[in-house]
Every structure is written in C-alpha cells, then in structure tokens.
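This briefing is meant for a reader who is meeting the structure for the first time. Please look through the sequence and the model shown below before going on to the points that follow.

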Amino acid sequence: MTRLQQSRLSVPVLLEYIAKAFLVRFLLLLFGIALIMQALDVLSQSGDVLAPAGAGMESIWRFTVLRFPQMVSTVVGFSALLATLLTCTTLAQSSEVAVMQSAGLSSFRIIFPMMGVCAVVAIFHFTMNETIVTQSNEEFERWQASGFAVGAVDLPPAKADAWAIEGNTRIRVQAVTRDGTILDKVTLYKLDDAGKIVEITSANFAAYSNGQWTMFDVTRFWVDQTKVETVPRAAWNTKVPPSRFRALSIDPESVPIGRLASAVGQLKAEGMNANKLTAWLHHKVAGPLGTILMPLLGAMAAFGLQRSGTMFLRVIGGLAFGFSYFVVDNLLLAIGQFGTIPPVLAAWSPLALFFFLGSSVLFYTEA
C-alpha cells in the first residue's frame with residue numbers, strides 16, 4: 001500500500017505529498033545539472049584560466065565560484081520541467097493519480113502543489129538573479145577582461161563594445177568607466193552620403209572633463225588618400241554625453257533591474273533606440289515566472305495514461321512541449337531586441353501563449 005493510500009486521502013496531505021515529491025526531485029535535478037554544466041564549463045575554459053603565470057587551483061576555484069550562480073540560474077526552468085515529468089510519471093505508474101482523481105481531485109488541483117512550489121522558486125530565482133548572479137557575472141567579466149589575472153590586482157572594466165550614432169559618424173567604445181566619463185579604445189567611423197567609410201579615427205582612450213571630450217593616443221586614417229596621422233591628444237567635438245555611453249555599455253545580464261531601468265529611461269529621454277534594454281528589462285521579471293508554467297506543460301505525462309498506455313510518448317510530448325517554451329521565449333527575446341515586435345510583447349507573450357496551450361491540453365486530457 002502506498003503512502004498515499006495510508007493517508008486516508010486527506011486532501012491537504014495529498015497536496016503536501018505532491019509538493020514534497022516535486023521539491024525533492026527539483027532540488028536534486030537543479031544542483032545535479034548545474035554541477036555537470038559547471039564541470040563542462042571548467043573543462044572548456046581551463047586553458048585560458050590557467051594560462052597566466054602562477055595560475056593553479058586557486059584560479060580554478062575562483063572561476064567556479066563566479067560561474068556557478070549563472071549555471072544554477074540557467075537550469076532552474078529546465079529542472080522544474082524534468083521534475084514535473086518525473087513526479088507525474090511516478091504518480092501515474094503507482095496509480096496514485098487514479099486514486100486522487102477518484103477522490104475528487106481535478107487535474108488542475110493535482111498539479112497545483114507543483115505550481116505553488118514553482119512560484120516560490122520563481123521568487124528565489126528573481127532575487128538570486130538580482131543579487132548574486134549580477135554581481136558574480138560582473139566580476140567574472142572584469143576578471144576575464146584582465147586575462148584571468150592571478151592575485152589581488154585591480155580588475156579592468158568589463159568589455160562593453162557599445163555603439164553610438166551621431167550624424168554620419170559611427171562611434172564604437174570597447175569599455176566604459178567612471179559613469180561614462182572615461183572611454184577605452186574609441187573608434188570613429190565617418191561615412192559619406194553613400195554610406196562608405198571615408199575616415200577612421202581611433203584613440204587609446206577618451207576622457208570627459210569640463211563639458212569637453214579629449215582623445216589620447218589618436219590615430220587618423222583617411223581612406224581615399226591612404227594617409228595616416230598620429231597625435232598624442234585631440235579634442236573630440238561630439239554632443240554625445242557620458243550618460244549615453246554608460247547606458248549603451250550595460251550588459252543586461254550583469255546589472256540589477258533598477259540600473260537597467262535607469263539606462264532605459266536615459267536612452268528614451270534622449271530619443272534613442274532602447275529596444276534591447278527594454279526587452280531585457282521585462283524579461284528579467286517574465287523569465288523567472290516561466291518556471292511556474294513547467295508543471296502545466298509537463299502534466300500531460302500524468303493524465304490519460306490509463307486510457308492509452310503510451311506513457312513514453314506522453315513523457316516525450318511533455319518534454320517537447322516544455323522545451324518549446326524555452327525556444328519560443330529566447331527567439332522572441334532576440335526578435336524584441338531588434339524591435340521587430342514590441343519588446344514588451346516579446347517578453348510577456350510566451351508566458352500568455354503557453355499558459356493558454358498548457359491549460360487547453362490539460363482540459364483535453366481531463367475531458
């Protein structure tokens with residue numbers, strides 16, 4: 001006799017039983033998959049990490065500590081999907097689903113405990129992203145920019161590769177520091193009316209002081225004349241403020257939502273394109289909420305088995321159904337960044353779409 005039957009079918013006990021069974025499987029899968037991905041990540045980048053003189057296990061440990069939060073964050077949703085499939089399959093194989101349904105529990109009520117656990121997980125996921133993951137990602141990018149330097153050294157700013165447009169000039173900046181007042185590796189591409197590059201100006205860095213930009217270690221190249229000129233410093237006549245460079249240099253995955261919202265507001269206030277950052281701003285909330293959908297998408301593995309006996313196909317179907325959510329979510333996020341569809345729609349529509357599809361499938365299996 002199963003534990004479920006011994007519990008006299010008390011509904012609160014049933015719900016607690018399902019929640020605990022799901023939570024245990026979720027935690028085991030979460031840390032198991034994250035550890036495997038972490039090991040593969042260490043193996044793939046150990047050559048670069050150990051390249052500097054004096055690098056050893058301390059560097060490997062530092063790499064692991066900085067990367068592991070991102071690994072955990074990446075696999076939260078997928079672990080919830082697999083935990084749903086395992087829990088539902090186990091309940092169905094032991095006929096516990098049939099017992100619950102005979103006790104009057106609907107399909108939605110059976111998966112409700114799993115969705116409740118996922119709601120709590122989504123809150124922790126969002127909080128972890130905004131605190132631990134953003135900080136570790138930022139420090140990792142700066143450490144990577146230093147070439148995985150050994151010892152206590154001042155880390156350089158993370159590479160930004162920010163682009164700005166001013167008239168017929170395209171501006172590329174590879175790193176931004178001091179709230180946008182220091183720019184590293186600045187390159188200006190001046191175009192003619194036909195869009196061809198006529199002049200390239202590169203500077204080792206540029207500094208903003210007293211309302212004026214100054215470039216240092218400047219090299220100018222005129223394409224048509226193949227002429228090169230080098231000067232130690234030169235004034236840079238541009239109306240692009242430091243705050244715009246700071247906003248453009250932001251890596252959405254390495255900054256908290258407040259700083260990202262500030263950058264979006266800065267760009268919109270200047271009339272600039274903020275589609276990329278806006279899409280990420282909404283996805284920072286919508287992404288963790290997607291975990292709540294996983295029990296709904298994977299539930300087809302538990303229901304209808306007694307009728308068809310095709311458990312394996314149902315598990316594969318649930319896996320494909322859940323995995324398709326991640327594909328659509330990432331695809332629409334990429335499209336939203338380019339402004340092909342509104343960024344808000346790109347961030348939230350996968351949630352609405354798959355909630356509707358998951359609910360429809362569950363209604364169908366229960367009918």
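This is a predicted model: local features need pLDDT of at least 70, side-chain atom pairs count only at pLDDT 80 or more; totals for chains, interfaces and linings use all residues.

Axes here are lines fitted to C-alpha atoms, for helices over the stretch in contact, and the angles between them run from 0 to 180 degrees between N-to-C directions.

**Helices H7 and H8**

- Helix H7, residues 257-269, packs against helix H8, residues 275-289, with the two axes 9 Å apart and at an angle of about 150°.
- Because angles over 145 degrees count as roughly antiparallel, H7 and H8 are therefore described as roughly antiparallel to each other.
- The crossing of H7 and H8 is left-handed.
- On the H7 side the contact is made by Ile257, Leu260, Ala261, Ala263, Val264, Leu267 and Lys268, while H8 contributes Leu277, Thr278, Trp280, Leu281, Lys284 and Val285.
- Sorted by class, the residues in this contact of H7 with H8 comprise ten nonpolar, one polar and two charged.

**Helices H3 and H5**

- The axes of helix H3, residues 57-93, and helix H5, residues 107-145, come within 9 Å and cross at roughly 160°, which makes H3 roughly antiparallel to H5.
- The crossing of H3 and H5 is left-handed, and the residues of their contact divide into 15 nonpolar, nine polar and three charged.

**Helix H11 and the residue after it**

- Helix H11 covers residues 311-337, and at 1.5 Å a residue its 27 residues should span 39 Å, which agrees with the 39 Å that separates its end C-alpha atoms.
- The buried residues of H11 are Gly318, Phe321, Gly322, Tyr325, Phe326, Asp329, Leu332, Leu333 and Gly336.
- Just after H11, Gly339 takes a positive phi of about 80°.

- Lys185, which lies in strand E3, residues 182-191, has a phi near 50°, a positive value in a residue other than glycine.
- The relative accessibility of Lys185 is 42%, so this residue counts as partly exposed.
- Asp217, which lies in strand E5, residues 212-222, has a positive phi of about 55° although it is not a glycine.
- With a relative accessibility of 44%, Asp217 counts as partly exposed.

Definitions and conventions:
Residues are numbered from 1 along each chain as its sequence is written. Side-chain values use heavy atoms; hydrogens and water are left out. Helices (H or I, at least four residues) and strands (E, at least two) are DSSP runs, numbered from the N terminus. Angles under 35 degrees count as roughly parallel, over 145 as roughly antiparallel, 65 to 115 as roughly perpendicular and the rest as oblique. A crossing is left-handed if the near helix is turned anticlockwise from the far one by less than a right angle, and right-handed if clockwise. Ala, Val, Leu, Ile, Met, Phe, Trp, Tyr, Cys and Pro count as nonpolar, Asp, Glu, Lys and Arg as charged, and the others, Gly among them, as polar. The expected span of a helix is 1.5 Å times one less than its number of residues. Buried means under 20% relative accessible area, exposed over 50%, partly exposed in between (1.4 Å probe, protein chains only). Contact means heavy atoms within 4.5 Å.
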